[in-house]
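Dear colleague,

My notes on it follow directly after.

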Amino acid sequence: MGGCNRIIVLLSLLLVAAVTRSSAQPLSRNFYSQTCPNVEQLVRSAVANKFQQTFVTAPATLRLFFHDCLVRGCDASVLIQSPNNKAEKDHPDDISLAGDGFDTVVKAKAAVDSNPQCRNKVSCADILALATRDVVNLAGGPFYNVELGRRDGRISTIASVQRHLPHPENNLDQLTSFFTSNGLSQTDLVALSGAHTIGFSHCGKFSNRIYNFSPRNRIDPSLNLQYAFQLRQMCPLKVDPRIAINMDPVTPQKFDNQYFKNLQQGKGLFTSDQVLFTDPRTKSTVNLFASNEVAFNNAFISAITKLGRVGVLTGNQGEIRIDCTRPN
């Protein structure tokens, strides 16, 4: 009898393993080759149209992908709207996500669904991943292949955002902790920070660095003094804290390696930017990327591909959302 029970337990374990494998399939570049073979062209066309309307499309979409993947994984849960403002996008860390990023995904989803063969076959999570690649490329950055096969999550809560996103005042230990907890290395951290080459921020996010850094130093000593005074002109003391400031003051609308050259000159807008150069653990990587744009592009492709695998739902997990803004 004992032997029979052992066989039943063994068979049960094998069944659980088989179900787990079927529900957690690896991502692949050709996931939609049979169901929606022209998905990439459909998304690219919609994203290009949106990009022509406003450059903000690029940084907004890229940041949306980052915020989605670090909270509950890359499952498009950041897109979900809540009738009582209790979704991820309502958290203080996500309220500043620009509407143009959300609109890019909505428009790309509509373009995909306009093809009868593709309707309700492609996840919002995959559309966001493809749109992110396209905005990087349209802004002058590298083109890279996107792994596909993500499913959309059904859950989006304010609470899930708490302590899952890096902040402008973070030091390198805090930043490293965020990234390593998601299977990303310190090199990935530096490469993905390079996305700030097309980013923008608001005065309230860094005003302490130019007005009230410490009792001894009003201005953060790691900040280029001339740059600090320029920032003061753009962000006077009583300015609307929502005023937008380019994170790369040199080539703000080009995805390039200028961000790293800025760090070498003390022109990182956030503490979390400048620390990548002031901390010896990442300084050499910043110097490499500043001097070699190909090295930066390759590292960025590797890092954003790894980011795109974080916490994904695949197989029969999750769903394919009919409307990206709400679960089915």
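Phe300 is in contact (heavy atoms within 4.5 Å) with Leu62, Val136, Ala191, Leu192, Ala195 and Phe255, leaving aside its neighbours within four places in sequence. Please note that this is a predicted model, in which local features need pLDDT of at least 70 and side-chain atom pairs count only at pLDDT 80 or more, while totals for chains, interfaces and linings use all residues. Residues are numbered from 1 along each chain as its sequence is written, and side-chain values use heavy atoms, with hydrogens and water left out.

Phe300 is also among the residues that touch the most other members of the largest nonpolar core, together with Val43, Leu79, Val112, Phe260, Leu276 and Leu307; this core has 74 residues. Its largest share, 9 residues, is supplied by helix α6 (residues 124-138), and at least three residues come from each of domain 1 (38-160) and domain 2 (172-307). A nonpolar core is here a set of buried Ala, Val, Leu, Ile, Met, Phe, Trp, Tyr and Cys residues joined through side-chain atoms within 4.5 Å. Buried means under 20% relative accessible area, exposed over 50%, and partly exposed in between (1.4 Å probe, protein chains only). Helices (H or I, at least four residues) and strands (E, at least two) are DSSP runs, numbered from the N terminus, and the domain bounds come from an automatic or database domain assignment. A second, separate core of 14 residues includes Cys203, Tyr211, Tyr227 and Phe270.

Phe270 is likewise one of the residues touched by His196, along with Met247, Asp248, Tyr259 and Asp273, not counting residues up to four places away in sequence. His196 is found in the loop between α8 (186-193) and β1 (200-202) and is partly exposed, at 24% relative accessibility. The unreviewed UniProt entry annotates His196 as "binding site"; such annotations may be inferred rather than shown by experiment, and their positions are given in the numbering used here, with feature names shortened.

The structure holds 15 salt bridges (a side-chain nitrogen of Lys or Arg within 4 Å of a carboxyl oxygen of Asp or Glu). One of them joins Asp100 and Lys50 at 2.7 Å, N to O. Asp100 lies in helix α5 (residues 99-113) and Lys50 in helix α2 (residues 39-53), so the pair ties together parts that are 50 residues apart in sequence. Lys50 is buried at 5% relative accessibility, whereas Asp100 is partly exposed at 23%. Asp134 and Arg133 form a further salt bridge, at 2.8 Å, and both are buried.

Yours sincerely
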